[in-house]
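Reader: I am new to this one. Could you walk me through it with a few questions and answers?

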Amino acid sequence: MSNARSLADVFAAARSEKRAALIGYLPAGFPNRAQSADAFRAVIDGGCDIVEVGMPYSDPVMDGPTVQAAADRALADGTKITDMLRIVEAASEHGGVPVVMTYWAPVTRYGVDAFARDLANAGGRGLITPDLIPDEADEWIAASTTHGLDRIFLVAPSSTPERLQMTVDSCSGFVYAASTMGVTGARAEIGQLAPRLVARTRECTDLPIGVGLGVRTPEHVREIASYADAVIVGSALVSAIDEGLEQASALVRSLREATGSA
Amino acid sequence: MIGNSVPDQRGYYGPFGGRFIPEALVAAIEELTEFYEKAKVDPEFIAEYDELLRGYAGRPSLLYEAKRFSEHVGCRVLLKREDLNHTGAHKINNVLGQALLTKKMGKTRLIAETGAGQHGVATATAAALMGLECTVYMGEVDTDRQSLNVARMRLLGAEVVAVRAGSRTLKDAMNEAFRDWVSTVDYTHYCIGSVGGPHPFPMLVRDFNSVVGQEARQQCLDEFGALPDAVLACVGGGSNAIGIFAGFLNDEGVRLYGLEAAGDGAETDRTAATLTKGSVGVLHGSKSYVLQDEDGQTRESHSISAGLDYPGVGPEHSYLKDTGRATYLPVTDTEAMNAFSLLCRTEGIIPAIESSHALAGAVALAPELGPDATLLVNLSGRGDKDVATAGAWFDVIGVTRTT
């Protein structure tokens, strides 16, 4: 893994190209276990700078209907943590930069240190934790440090200045800014909370800031790329994969083209 | 001692509890914690809450010696009659407190999850009383088996949303309520119905229900001149059990028993006996025992009782189990329904199927505790809502005609 690009490398490269990085989310095991690695290869080929490999979970309180339905299908097909790690490995070997997004229950069950060790060995660069806030993350901070993984915590429009500072101080790689007060899912408009949140976050850190939740169209990407360092696409990509890998690659290409208007 | 020492500042009961939640909810949770910490020492709030309990919910509830039931069981059984509260269960104690807090916080809407519907009905009731909007999430499976309570909630002005995700039961209703809350937290309070969820919910739901244990303890002393030998309560999420246990935690001579819903048997996969069969994990915002697989995926639970059909349990129960202060035992559907029938026939009281698990615990423990023992059972709710389920179980639905 010594030649593998880190998240910092990805953001430096995107910055030198005067564009935002594109991050694509899919659940592991979707559209099924057999084709999941192909789905990630398709979005990497389409131009995603970072792929977010979601660990499907039975009780995803932050996910909207599209992502939950996809994760349910993956679970029904028998997707396990070991499958997810194999997909991370495949994505990394394909030249992608994978990070994992997971609720905390699967990690605690697997063992926090063992999870970090196996994720790092598979070529994972970091972990996004939608229901683990830094206040509860001592064990994860230790394990991620030991195994050289980045820690991507979320900030939200409701975060107080104190919490914003505390959260970004615990982050590495990038900061995930939730664009709205809501769950995942493509929306007609991104809303006005995101630019303000990014601006507030910038005052606290030099880390890159990615904006997610609700991104669907090249127009959304262009809008977010004008003020954030990364644009995160999830539900729209899940829907595209359901139509076929070619459609997903095409969507990623169109979104990637829109990242350069910063 | 235990009751006073937990949770700590971070909401931990030993290794259990905490806040495993999206950042978007932290501000609301911290606001709630702050309001509650002030409210619980504010004489005005306490007076207002006490008046609601007395003048509206109908407290204190009776302590009743079930003599005919006792004869069958083989020792003296006292029933704490939470079924006589307004809306028919202990759930009203917690909901009136949380609704009052909601008003104080300036929020205008309550949301809730419900399994059997008792918490949903209680929330809809409190919302109507205090002029708050109300939405109740309920698994689709439960809306079918508890249609009477769905109608009650709607009559009280609440919107009832049938949740079709996952196993379509209580845990999925809770997921959906969390999603709603993330999106509407500015004006909505999520009125969690059991002693689960992120801190401060396990603490504040316990505190609001601790009136059950405090009353029962005093009534035992006043009416029978002694404390009971054992206190028994059913455990799903565990709010009624924590409520009655809270009165006796410091009485070392009083044994505490939580009776879990074992469904077809704790040794089978069709069970909801979390403390008997679960392992430590994270679910719905806190660390506790959970029914889960080797990957941390929540297992579907099963119980004839919608109110106990939940794969998690409040963190304080996990703490009481591991410290040995309370003992948790599984009760099958059959054992619970036999106890249900026994109380109906001996006392003229139709209990909730939830509470029947606690009654079954009395039947099972009596031989061990001996004929001189006094058992205090929390009759947490009445069985009107369960008549269709029980009628089907005992095959007594329909009219027998003679020609």
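Predicted model: local features only at pLDDT ≥ 70, side-chain atom pairs only at ≥ 80, totals over all residues.

Reader: Thanks! Why is helix 2 of chain A largely enclosed by the rest of the structure?

Author: A residue counts as buried when its relative accessible area is under 20%. Among the buried residues of helix 2 of chain A are A:Phe40, A:Val43 and A:Ile44. The helix, residues 36–46, is largely enclosed because eight of its eleven residues are buried.

Reader: Which elements cover the buried residues of helix 2 of chain A?

Author: The buried residues run from A:Ser36 to A:Gly46, with A:Ala37, A:Ala39 and A:Ala42 among them. What covers them in chain A includes strand 1 (21–27), strand 2 (50–54), helix 4 (81–93), helix 11 (235–243) and helix 12 (245–257).

Reader: Now the pockets. Which element gives the largest share of the lining of the largest pocket?

Author: This pocket has a volume of about 570 Å³ and is lined by 28 residues. Helix 1 (2–5), helix 2 (23–39) and helix 10 (201–224) of chain B each give two or more residues to the lining. The largest share, five residues, comes from helix 10 of chain B.

Reader: And which residues are closest to the centre of the second largest pocket?

Author: The second largest pocket has a volume of about 330 Å³. Its lining has two nonpolar, eight polar and seven charged residues, and helix 3 (residues 65–76) of chain A gives the most, with four residues. Of the 17 lining residues, the closest to the centre are A:Ser58, A:Leu75, B:Gln297, B:Thr298 and B:Glu300.

Technical notes:
Residues numbered from 1 in each chain as written. Chains lettered and ligands numbered in written order. Heavy atoms only, no water. 1 Å grid on protein atoms, 1.4 Å probe; cavity = no way out; pocket = protein on both sides within 12 Å on 5 of 7 lines; lining within 4 Å. Points joined across faces, edges and corners; volume = space filled by probe spheres on them. Nonpolar A, V, L, I, M, F, W, Y, C, P; charged D, E, K, R; others polar. Buried < 20%, exposed > 50% of the residue type's maximum accessible area, 1.4 Å probe, protein only. Contact = heavy atoms within 4.5 Å.
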